[in-house]
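Visitor: I have the model open on my screen and would like to walk through it with you. Could we start with how the helices pack?

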Amino acid sequence: MPKEFTQKITIPGLQAKKEKKEKIVALTAYDFPVAQIVDECGLDVILVGDSLGMVVLGYENTIPVTMEEMIHHTRIVARAAKRALVVGDMPYFSFHLSEEETVYNASRFLKEAGAAAVKIEGASKKRLKLVEALIEAEIPVMGHVGLTPQSIHRLGEFRVRGKKVHEAEKIISDALNLEKAGVFSVILECIPLELARIITEKLKVPTIGIGAGPHCDGQILVFHDLVGLSNGYLPKFVKKYTDLYKIINQAVKDYREDIMTGNFPDDRYSYHLKSEVLQEISRKK
Ligand code: KIV
């Protein structure tokens, strides 16, 4: 394994990558084998995203995802990740009531689940105060602006954000305010690449894009989208590197066919009794 693949990724390490203009590579993961693969492939950040709700748990959107579900999956991923920085996504309504509850919920990602940081969506005035409170409690925070899926009911649809002047200016000031509040990185989701470039140039902390073009300091995708395991609509920004849905579908069909036709399990997949044992038990029948 190359030496750079064995060095543990830290938050200052991500900052250094921005300064050296070295790309940050991030991906989501939700279970042990996938987190192990992602870690072994030398990725820098594994986000246990609340996209979990849609790609693993079968919810229509991310709103129903609970703290217990996020802690459960983050703990599994952190167990597998030896090198990558694990970030736990704070689900809807885990950071909306009070500062105390937000800090408590976030602390669970570090204390119980083994994450190194949390991510929260949005940058309202109240949210910025919460970010400050989290950092005061030694909990590193990743911000998330542009398209914020937990706002789906307010936004009405998943679409590119920041195409109009007022929207673009709002996203720029959201990112800058998050940096001022102390986040170590900002996710830019589904915004025009020109806007992502401006934000990336303005921010000192790294930007990580998803549907935000090539100028971000790093990139992230949802694992299931990248490997073609999501069976449904995929946004334009997803590059599908393989079609696991098709591959697994064929494997399961072949398995069924083999059983129906008696091709499986044949001798290669079966055990034998010694002849004397067989004789003995046959006699006793
Ligand atoms: O939940 C998630 O996976 C995310 C990424 C899309 C950034 O927030």
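Guide: Helix 6 passes helix 8 in a right-handed crossing, where right-handed means that the near helix is turned clockwise from the far one by less than a right angle, and left-handed that it is turned anticlockwise. Helices (H or I, at least four residues) and strands (E, at least two) are DSSP runs, numbered from the N terminus. This is a predicted model in which local features need pLDDT of at least 70 and side-chain atom pairs count only at pLDDT 80 or more, while totals for chains, interfaces and linings use all residues. Residues are numbered from 1 along each chain as its sequence is written, and side-chain values use heavy atoms, with hydrogens and water left out.

Visitor: At what angle do the axes of helix 6 and helix 8 cross?

Guide: The axes of helix 6 (residues 125–136) and helix 8 cross at roughly 30° and come within 9 Å; axes are lines fitted to C-alpha atoms, for helices over the stretch in contact, and angles run from 0 to 180 degrees between N-to-C directions. Helix 6 is therefore roughly parallel to helix 8, given that angles under 35 degrees count as roughly parallel, over 145 as roughly antiparallel, 65 to 115 as roughly perpendicular and the rest as oblique.

Visitor: And which residues in helix 6 and helix 8 meet?

Guide: From helix 6, Leu128, Val131, Glu132 and Ile135 meet Asn177, Leu178 and Ala181 in helix 8, with contact meaning heavy atoms within 4.5 Å. The residues of this contact between helix 6 and helix 8 divide into five nonpolar, one polar and one charged, where Ala, Val, Leu, Ile, Met, Phe, Trp, Tyr, Cys and Pro count as nonpolar, Asp, Glu, Lys and Arg as charged, and the others, Gly among them, as polar.

Visitor: How do helix 8 and helix 9 pack?

Guide: Helix 8 (residues 165–181) and helix 9 (residues 193–202) pack at an angle of about 25°, with their axes 10 Å apart, and they are therefore roughly parallel to each other. Their contact is made by Ala168, Ile171, Ile172, Ala175, Leu176 and Glu179 of helix 8 together with Leu195, Ile198, Ile199 and Lys202 of helix 9. By class, the contact of helix 8 with helix 9 holds eight nonpolar, no polar and two charged residues.

Visitor: What about helix 5 and helix 6, parallel or oblique?

Guide: The axes of helix 5 (residues 99–111) and helix 6 come within 10 Å and cross at roughly 50°, which makes helix 5 oblique to helix 6. Glu99, Thr102, Val103 and Ala106 of helix 5 make the contact with Leu130, Ala133 and Leu134 of helix 6.

Visitor: Changing topic, which helix gives the most to the lining of the second largest pocket?

Guide: Helix 8 gives the most to that lining, with five residues, and the lining as a whole divides into seven nonpolar, 11 polar and seven charged residues. Strand 5 (141–146), helix 7 (152–155) and helix 8 each supply at least two residues of the lining of this second largest pocket.

Visitor: Last one, where is the cis peptide bond?

Guide: The cis bond joins phenylalanine 264 and proline 265, with omega about 0°, and proline 265 lies in the loop between helix 11 (244–261) and helix 12 (275–283). Separately, lysine 21 has a phi near 55°, a positive value in a residue other than glycine, and lysine 21 lies in the loop between helix 1 (11–19) and strand 1 (24–28).
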